[in-house]
Amino acid sequence: MVFVRHALPGERVIASVTEETSRFLRADAVEILEPSPDRVTPPCPYAGPGRCGGCDWQHAGLEAQRRLKAEVVAEQLRRLAGIEREVVVEEVPGAKDGLGWRTRVQFAALPGGELGFRRHRSHDVEVVDACLIAHPEVEAVGVEGHVWPGARSVEVIASSEGERAVVVAPRPRRSVTVPDLEAPASILLDQGKGRTVARRGSGLLHEQVGDREFRVAGSGFWQVHPGAAVTLLDAVLEYAAPEPGEWALDLYCGVGLFAAGLAEAVGPEGAVFGLESEEAAVRDARVNLRDLPQARVERGRVEEALDRFQIERADLVVVDPPRAGLGREVVDRIAGLEAQRIVYVSCDPATLARDLAWLDERGYRLAELRAFDAFPMTHHVECVTLLVRK
């Protein structure tokens, strides 16, 4: 089997093998002999074989990208979970032409301080002078136009509230020289393990979703597409259908986006319990939910914290795990809560399908699924699923 990047279904190409394993080959399409009708000229000069590894689908039109993502989700459901389902990938507002959407961009720095992006499956850096999928407020800072002596990486963040931050990770035993930038931004130093310290300005950013503001410390997790947070929150609440007085869990809750919506819905007679492993995110979540006494957030890994806090039941459960998914241990523990509804948010169709198969074994069937194009120009896709007890 050969996996060929930069090609489209139905094309005839000349491919150069880039990696060989005992089970498959990886290759790049270096010449297109018979192009697909869906092929377009990549808008970015750094996209293509051997170049920037970030945008791997710039050579396909947006409609074709979404169709291909839908086929990937459907294939993974069929192959790993035995689920036959038609999938439609929906556009997320806020990314005209699939460009200018990424509000958090991390650049790798060369030893001399020039910035760029890693090439695909490589430590080599493609130096760039601009990124077309970066949000205009990210590009306004102009970090690519400067050298960053002593830096290992430079992350630029632009919040929905008009704040900007630059998070610099220094090389070991090196100090970082921060250049003058084109737009005002806080400067934060990355101390590792999710900790940052403000060198200039505030270490906090704020995001607005509906009527609620969320604090996010440093480079803490937040959806990178400007329309993703509200889109996913609406989808989660639609599927969760929380009722006043219900007892809800929000696992891998981050800074409390879903917990806030759930808490507002279940009201003071209900309760929401959130779990998050990152210390900074827990602090932020407690601030973000401080006006909702029915919401409680604790720090811990789901694998052990449900037992530690003696959580034995729930009316509904929302999970938004990292790309690795839930895994068998967490699936078994969640199924044991006997919730009527489980809402699973996933950024990886393969681990999602695997976990859905295990949940099916434990008495939960897939009832609904929506997929969203939260990462245009890439192969990534976000899914929200509803599982109900059989």
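Helices here are DSSP runs of H or I with at least four residues, strands are E runs of at least two, and both are numbered from the N terminus. With that in hand, glutamine 76 is found in helix H1. What we're walking through is a predicted model, in which local features need pLDDT of at least 70, side-chain atom pairs count only at pLDDT 80 or more, and totals for chains, interfaces and linings use all residues. Residues are numbered from 1 along each chain as its sequence is written, and side-chain values use heavy atoms, with hydrogens and water left out.

Let's stay with glutamine 76 for a moment. Its relative accessibility is 13%, so glutamine 76 counts as buried; the cut-offs are under 20% relative accessible area for buried, over 50% for exposed, and partly exposed in between, using a 1.4 Å probe and protein chains only. What does glutamine 76 touch, leaving aside neighbours within four places in sequence? Its contacts are Ala81, Pro349, Ala350 and Ala353, where contact means heavy atoms within 4.5 Å.

Now back to the start of the chain. Methionine 1 sits in the segment before S1 and, at 68% relative accessibility, counts as exposed. Even so, methionine 1 touches Arg23, Phe24 and Leu25, not counting residues up to four places away in sequence. For Arg23 there's a distance too: methionine 1 and arginine 23 are 22 residues apart in sequence, and their C-alpha atoms are 7.2 Å apart in space.

Next, the charged pairs. A salt bridge here is a side-chain nitrogen of Lys or Arg within 4 Å of a carboxyl oxygen of Asp or Glu, and the structure holds 33 of them. One of these pairs arginine 5 with aspartate 56, with the closest N and O atoms 3.7 Å apart. Arginine 5 belongs to strand S1 (residues 2-5) and aspartate 56 to the loop between strand S3 (25-34) and helix H1 (62-81), so this pair ties together parts that are 51 residues apart in sequence. Arginine 5 counts as buried at 16% relative accessibility, and aspartate 56 is buried as well, with a relative accessible area of 8%.

Arginine 212 is buried at 13% relative accessible area, while aspartate 291 is partly exposed at 47%.

Arginine 78 and glutamate 84 make another salt bridge, with a closest N to O distance of 4.0 Å. In this pair arginine 78 is partly exposed, with a relative accessible area of 40%, and glutamate 84 is exposed, at 62%. There's also a network of salt bridges, which links Glu63, Arg66, Lys69 and Asp373.

Zooming out, the chain is divided into domain 1 (1-39), domain 2 (104-206) and domain 3 (223-389), with bounds that come from an automatic or database domain assignment. The C-alpha centres of domain 2 and domain 3 lie 30 Å apart, and their contact takes four residues from each of the two. How much area do domain 2 and domain 3 bury between them? The figure is about 320 Å², 65% of it on carbon and sulfur atoms; buried area is the accessible area (1.4 Å probe) that two parts lose on being put together, summed over both.

Helix H4 (residues 257-266) is mostly covered, with eight of its ten residues buried. Among them are Leu257, Phe258, Leu262 and Val266. After H4 comes glycine 267, which has a positive phi near 75 degrees.

The last stop is proline 93, in the loop between strand S4 (89-91) and strand S5 (104-109). Is proline 93 buried or exposed? At 56% relative accessibility, proline 93 counts as exposed. Apart from neighbours within four places in sequence, proline 93 is in contact with His225, Gly227 and Thr231. Glycine 53, on the other hand, is 40 residues from proline 93 in sequence and 25 Å from it in space, C-alpha to C-alpha.
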